[in-house]
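I opened this notebook to record what I looked up, one topic at a time. The entries below follow the order in which I went through the structure.

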Amino acid sequence: MKTHGKIWDPVIRLFHWSVALAFLLNYFFFEEGGDSHELAGYYILCALVVRLVWGMVGSPNARFKNFFPSVAGIKAHIHIMRSGKIPEDNGHNPIGALMIFALLFGLCVTGLSGWSLEGIFWGEDWAEELHEVAANLTFLLVLVHTLAVVIFSLIGPRNLIMQMITGMTSK
């Protein structure tokens, strides 16, 4: 496997893998409302703050302005995909960017709604329902994201999984 250069910096990779682990531990293993569940949720919220800051000042592929999806970009990407080609993007393609923003939003709503249950909305049924729905929708996004990454790693021009592990582009 020949590497061609850096694509994902250590901050992005640490954020990605640690938040994925914390979310999955919370979703499947940690008891709802337990100390571990709360700590993992607080970790995710803190990591989101770091990611938002890094999205403004970080490396080029980490900056939101460099991959913010436009309607024209999304249409062009879909058109290329329909023609049977898989673009070799050096970072997030427009559809991938939509997924990233959806995941960040889902994590934020899940985390903030969970945090609110410990204080201002303690015991409120609607807040508990919001937290549960947000967690389930975020998990659905995680499944779609994971499936797309696996498929495009297998049939596409790059192994996206290895890129997020090593931070390097590869053929």
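**Helix crossing.** I looked up how H1 passes H5 and noted a left-handed crossing, the term for a near helix turned anticlockwise from the far one by less than a right angle, with right-handed used if the turn is clockwise. The model is predicted, so I kept in mind that local features need pLDDT of at least 70 and side-chain atom pairs count only at pLDDT 80 or more, while totals for chains, interfaces and linings use all residues. I also noted that residues are numbered from 1 along each chain as its sequence is written, and that side-chain values use heavy atoms, with hydrogens and water left out.

The axes of helix H1 (residues 10-28) and helix H5 (residues 125-155) come within 11 Å of each other and cross at roughly 130°. Here helices (H or I, at least four residues) are DSSP runs numbered from the N terminus, and axes are lines fitted to C-alpha atoms over the stretch in contact, with angles from 0 to 180 degrees between N-to-C directions. H1 is therefore oblique to H5, since angles under 35 degrees count as roughly parallel, over 145 as roughly antiparallel, 65 to 115 as roughly perpendicular and the rest as oblique. On the H1 side I listed His16, Phe23, Leu24, Tyr27 and Phe28 as making the contact, and on the H5 side Ala135, Asn136, Thr138, Phe139, Val142 and His145, where contact means heavy atoms within 4.5 Å.

**Aromatic pairs.** I searched the whole structure and found 9 aromatic pairs, meaning rings of Phe, Tyr and Trp (its six-membered ring) with centres within 6.5 Å, where planes under 30 degrees apart count as stacked, over 60 as edge-to-face and the rest as tilted. The rings of Tyr27 and Phe28 are edge-to-face, because their centres are 5.1 Å apart and their planes stand at 75°. Phe67 and Phe101 are stacked instead, with 5.5 Å from centre to centre and 25° between the planes. Phe67 lies in the loop between helix H2 (35-57) and helix H3 (71-82) and Phe101 in helix H4 (residues 94-116), so this pair ties together parts 34 residues apart in sequence. I noted Phe67 as buried at 7% relative accessible area and Phe101 as partly exposed at 22% (buried is under 20%, exposed over 50%, partly exposed in between, with a 1.4 Å probe and protein chains only). Ring pairs also link Phe23, Tyr27, Phe28, Phe29 and Phe139 into a cluster.

**Cysteines.** I counted 0 disulfides, a disulfide being a pair of cysteine sulfur atoms within 2.5 Å. The sulfur of Cys46 is 12 Å from the closest cysteine sulfur, in Cys108, which is too far for a bond.

Note on methods:
Helix = DSSP H or I, 4+ residues; strand = E, 2+ residues; numbered from the N terminus.
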